[in-house]
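Subject: Structure handover and notes

Dear colleague,

Here is the structure I promised to pass on to you, with the notes I made while going through it. Please keep the model open beside the text as you read.

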Amino acid sequence: MFDIAWFLYALPAAGLLVNLLIGHRLSRQAIGWIASGAVIGSFLVALGLLAGLLGLPAEERIITVHLWDWITIGSFHVAAALLIDPLSVTMALIVTGVGALIHIYSISYMEHDERFQRFFIYLNLFILAMLVLVMSDSFLGMFVGWEGVGLASYLLIGFWFDRRDDSYGYYADAGKKAFLVNRVGDFGMIIAMLMLWTSLGSLTFLEVFEAAEHGLAAGTATVICLLLLLGATGKSAQIPLYVWLPDAMAGPTPVSALIHAATMVTAGIYMIARTNVLWHMTPVASGTAAWIGALTALLAASIALVQVDLKKILAYSTISQLGYMMLGVGVGAYGAAIFHLVTHAFFKALLFLAAGSVMHALDGELDIRKMGGLREKMPVTYRTFLIGAAALAGIPLMSGFFSKDAILLGALSQNVVLYAIGLFTALLTAFYSFRAVFVPFHGTPRDQRLYNHAHESPPLMTGPLWVLAILSIFGGVLNLPFVLTLERWLEPALGHHEEPLLTLELIAITLSVIVAVFGFLMAYARYQTNEAWPRRLASPFAALQPVVEHKWYVDEFYMAVVVNPVRRLADWFAQVVDKQWIDGAVNGVGRLSLAWGEQIRRLQNGVVPAYALSILLGVVAVVAYFVFGA
């Protein structure tokens, strides 16, 4: 079974090539189903790998499948190979499973777009790059996938590059923003790989981990992990490099679902979990990751409270949930972080696709202040969105409840302050999740024209919604408290999971239930029954509202400190260095040549005596050379 693992790559690559080469001769349905079928095929291969691993003893569930020798330069050797273990297979199942549902949804969602063929080519490229990232057996192979998803996200976020609106500005700029911000993180990745090679002599994961346990100094491990953390903050949208993700909503909604749920933003979390051996050696880097995660979760949740664009609420929610995952890996709860990554893929893909259904029904409108009463017009979208919101809010027995609680439990066992931040963020999450339900779907219509235009989406869009809704409800059974099936499954890749104290686990579960239910009740009282007590409760924080509405002025800070100075520096180079110095030098040489040519041209005056005189002078010069020179 493991010998056919390369089909994971081959199928989306084939889908990409078929649509690229002959897609213009095919119908739109054929293009969409070829792309979707390729990803479904990869999902079946991943299921086969899962079955193959389950048939082996736990200690033998790490297998390397060599494809070919890739780079050999002296002692530097890197092979193209797949690392098949519980972690990589779990990620492959999420990427291809959720990715396939998003592909199918897109066939209907994008059916009228003029760049339909190009869209599915990019989607297959995204899946292929993400599979390379999660399945490679080396840092260098992972980095190829890392850059591949960066390219695919740039192409897809700026897919409607010729559009502009007040919310996003030029859509092409959103793609460029994502691309450039992520290059900052990539710089950390490259330096970290160079340090690994010079310190340990290899970039293959298993060789690096073995060598690190026997000879990597703690200080070196700290520097390497901090550089890896810089890379993770870019890809997984953490402080200070999260600013690209909200603008990434400029892309088509299925792209948002794919980026936020199954592919790009999970890469940083996966990378840290994959390199957990290094992180165990450095409490400084682990603690830094935990604090960055906790503060990112809190910051993004506070912004999500006041956003009025439905997709941007979900975007800041994604940043916040990624903060939870970063908190999880930072406190050493790697299994819990991957568990939340899995459940988050289910309910966040569901929420984005449901938001896309709303957008599809309202002719592109996403301002929730103009909606209201949509549950009557869009019952399937409403019910599935409600399920996704409940899972995101951590309502008991929903998938998000179990996975978020597992991370909070890990934080509680390490640092009470981090736990308190995470718990308070959970309260904010529950509130903004149900605000996103009550405002657009309940109450009376606020814009009658939009309400009259609203309609339920076709089955090709609602079908994936129901599948994701079921996964959002029952995804928690993958890793129930005390049973911990998923965390046991991941132990060959993530190490042995330490059992928490029963008392701590009961405290964490109880407080999680209280917080989630209270957040729901507060949103219900504020937006459904219009009671006064939620306003009184929030009144001490009223002064913060303008600041939060401006997203804590982080974008303004970057514009003032980074973007505008760089632009001014670029203008100076363009106006002074380029135009005056470089152009001046080049033009000066040209003018000098013209002047010399003008003087020499005057010798060609057509007067015979002048030519005779020049011949005479030449003869005299030659004779003088031979007579006196010799």
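The notes below go from the whole chain to single elements and residues.

Please bear in mind throughout that this is a predicted model. The protein chain contains 28 helices and four strands, and its C-alpha trace spans about 110 × 65 × 55 Å along the principal axes. Of the 630 residues in the chain, 54% are buried, and among the contacts with a separation of 6 or more, 79% are between residues 24 or more positions apart.

UniProt, in an unreviewed entry, lists residues 136-429 as "domain: NADH:quinone oxidoreductase/Mrp antiporter transmembrane".

As for the strands, S1 (residues 63-73) and S2 (residues 76-84) run antiparallel and are joined by nine bridges. The two form a hairpin with two residues between them, and Gly74 in the turn has a positive phi of about 60 degrees. Ile73 stands opposite Phe76 in S2.

Helix H18 (residues 399-412) has 14 residues and reaches 20 Å from its first C-alpha to its last, close to the 20 Å expected at 1.5 Å a residue, and 14 of its 14 residues are buried. Helix H21 (residues 459-474) has 16 residues and reaches 22 Å between its end C-alpha atoms, again close to the expected value, here 22 Å.

Which residues of H21 are buried? They are Met461, Thr462, Pro464, Leu465, Leu468, Ala469 and Ser472, and because they cover an arc of only 155 degrees around the axis, they lie on the same side of H21. An α-helix has 3.6 residues a turn, so residues three or four places apart point the same way. On the other side of H21, Pro459 and Phe474 are exposed. The cover over the buried residues of H21 includes helix H3 (86-109), H15, helix H17 (379-393) and H18.

Finally, there are two single residues that I looked at more closely. Ser320 is found in helix H14 (residues 310-330), and because its relative accessibility is 0%, Ser320 counts as buried. Leaving out residues up to four places away in sequence, Ser320 touches Thr296, Ala297, Ala300, Ala301, Thr425 and Tyr432.

Leu125, in helix H4 (residues 116-135), is partly exposed, with a relative accessible area of 21%; the cut-off matters here, since buried means under 20%. With neighbours within four places in sequence left aside, Leu125 is in contact with Leu16, Ala152 and Leu155. The C-alpha atoms of Leu125 and Leu17 are separated by 9.7 Å, although the two residues are 108 residues apart along the chain.

With best regards

Terms used. Residues numbered from 1 in each chain as written. Predicted model: local features only at pLDDT ≥ 70, side-chain atom pairs only at ≥ 80, totals over all residues. Heavy atoms only, no water. Expected span 1.5 Å × (residues − 1). Buried < 20%, exposed > 50% of the residue type's maximum accessible area, 1.4 Å probe, protein only. Pairing = 2+ DSSP bridges. UniProt positions renumbered as here; feature names shortened; annotations may be inferred. Arc of directions from axis to C-beta. Contact = heavy atoms within 4.5 Å.
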